[in-house]
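Trainee: I'd like to learn how to read a protein model, one feature at a time. Can we go through one together?

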Amino acid sequence: MEKKLACSTVRLSRPATSSVGPPMAKNTAGMITMAIAMSATSWANGAQVADAWVRYIEGGASAAYFTLTNSGAQPARLVGASCSAYGKVMLHQSVEKDGQARMVHVDGVTVEPGDRFDFAPGGYHVMLMQPEEALEVGSDVAIRLEFADGTAKTVDFAVEPPYRQKAPQ
């Protein structure tokens, strides 16, 4: 069976039939394997993206949030992003200085092996500016994430209403 995840293809194979263990145990193991494969988009550099969503603001700038996990042996450094639906895409961090909240550009985010990094409201995010096409809440938008090792992968982000506040899990 083949399951398409963003721009990667994951082949899920059925375990060989065995007389060891009850049938329920074999089915449970298969379901757990499938759930893990479908819950995050993973690449050779160990980077995994989960809970990818865009806070959509009609006609204006929007922001993308997600959890970036590194299951690899080397640090994974996200250095950029692009999206055909927006003319300008940047990595940003929301900061407060002298009582004023503002956003600042960041050159990248490094996730050490075994760690995770949350892009969440009020913190780091992918800033989507200069909309070039209309999006609809409930649809998906493809965002290409670019890493320092030269890999770049496209992830489908769910378009959510502006009032969603939930941080990535």
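Trainee: Is His125 buried or exposed?

Mentor: Before that, a word on the model: it is predicted, so local features need pLDDT of at least 70 and side-chain atom pairs count only at pLDDT 80 or more, while totals for chains, interfaces and linings use all residues. Residues are numbered from 1 along each chain as its sequence is written, and side-chain values use heavy atoms, leaving out hydrogens and water. Now the general idea: buried means under 20% relative accessible area, exposed over 50%, and partly exposed in between (1.4 Å probe, protein chains only). His125 has a relative accessible area of 3%, so it is buried.

Trainee: Which strand pairs with E12, and in what sense?

Mentor: Two strands pair if DSSP finds at least two bridges between them. Strand E12 (residues 140–147) pairs with E13 in the antiparallel sense, over seven bridges. One place to look is Leu145, whose bridge partner in E13 is Lys153. E12 and E13 make a hairpin with four residues between them, and Gly150 in the turn has a positive phi of about 95°. On the other hand, strand E4 (residues 47–55) and strand E13 (residues 152–160) run parallel, joined by three bridges.

Trainee: Which residues have the most contacts inside the largest nonpolar core?

Mentor: Nonpolar side chains tend to be buried together in soluble globular proteins. A nonpolar core is a set of buried Ala, Val, Leu, Ile, Met, Phe, Trp, Tyr and Cys residues joined through side-chain atoms within 4.5 Å. The largest one here has 30 residues, and those with the most contacts inside it are Phe66, Leu68, Leu128, Ile143, Leu145 and Phe157. Among the strands that each supply at least two residues of this core are E4, E11, E12 and E13.

Trainee: How many salt bridges does the whole structure have?

Mentor: Side chains of opposite charge can pair when their charged atoms come close. The cut-off: a side-chain nitrogen of Lys or Arg within 4 Å of a carboxyl oxygen of Asp or Glu. A search of the whole structure finds two. Asp118 pairs with Arg116, with the closest N and O atoms 2.9 Å apart, and Arg144 meets Glu146 at 3.1 Å, N to O.
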